[in-house]
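Morning, everyone. Please have the model up on your screens while I talk.

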Amino acid sequence: MKVTIVGGGAYRVLGIMRSAMAVSNALHGGEINLYDLNVSRAEAMGRMFLKTPEQKASGCRITWGTSLEEALEGADAVGIILPAGPRKAALLS
């Protein structure tokens, strides 16, 4: 199963997906793709995922990139994380 998170650089994504990897075999051997307009945030979050025991146990691939089309390609589920507050503040953080 491939799960794509649009807004994948958001801090709350780590807790949400750690719980999903721990509870369900649905992600075993699957993929979590983190897409964010701020690629460095998505990469930082992806690197944190790679250090979690839940990821190691699930064998789930963690990917990130710059193309929304590639992130959505083949996705079985898509989650969207929207920032609260002004757009300018979200892009600066």
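How many bridges join strand β1 to β2? Five bridges join β1, residues 2-6, to β2, and the two strands run parallel. A word on the source: this is a predicted model, where local features need pLDDT of at least 70, side-chain atom pairs count only at pLDDT 80 or more, and totals for chains, interfaces and linings use all residues. Residues are numbered from 1 along each chain as its sequence is written, and side-chain values use heavy atoms, with hydrogens and water left out.

Now the terms for strands. Helices (H or I, at least four residues) and strands (E, at least two) are DSSP runs, numbered from the N terminus. Two strands pair if DSSP finds at least two bridges between them.

Is β2 covered or open? Mostly covered: five of its five residues are buried. Buried means under 20% relative accessible area, exposed over 50%, partly exposed in between (1.4 Å probe, protein chains only). In a regular strand, side chains alternate between the two faces of the sheet. In β2, Glu 31, Asn 33 and Tyr 35 are buried on one side. Ile 32 and Leu 34 are buried on the other.

Next, charges. A search of the whole structure finds three salt bridges. A salt bridge is a side-chain nitrogen of Lys or Arg within 4 Å of a carboxyl oxygen of Asp or Glu.

Arg 61 forms one with Glu 31, the closest N and O atoms being 3.1 Å apart. Arg 61 lies in β3 and Glu 31 in β2, so the pair ties together parts 30 residues apart in sequence. Arg 61 is partly exposed at 49%, while Glu 31 is buried at 13%.

Glu 54 forms another with Arg 18, at 2.8 Å between the closest N and O atoms. Glu 54 is in helix α3 and Arg 18 in helix α1, 36 residues apart. Glu 54 counts as buried at 18%.

Arg 47 and Glu 43 also meet in a salt bridge, 2.9 Å from N to O. Both lie in helix α2, four residues apart, about one turn of the helix.

Last stop: Leu 82. Leu 82 sits in the loop between β4 and α5. Leu 82 is exposed, with a relative accessible area of 64%.
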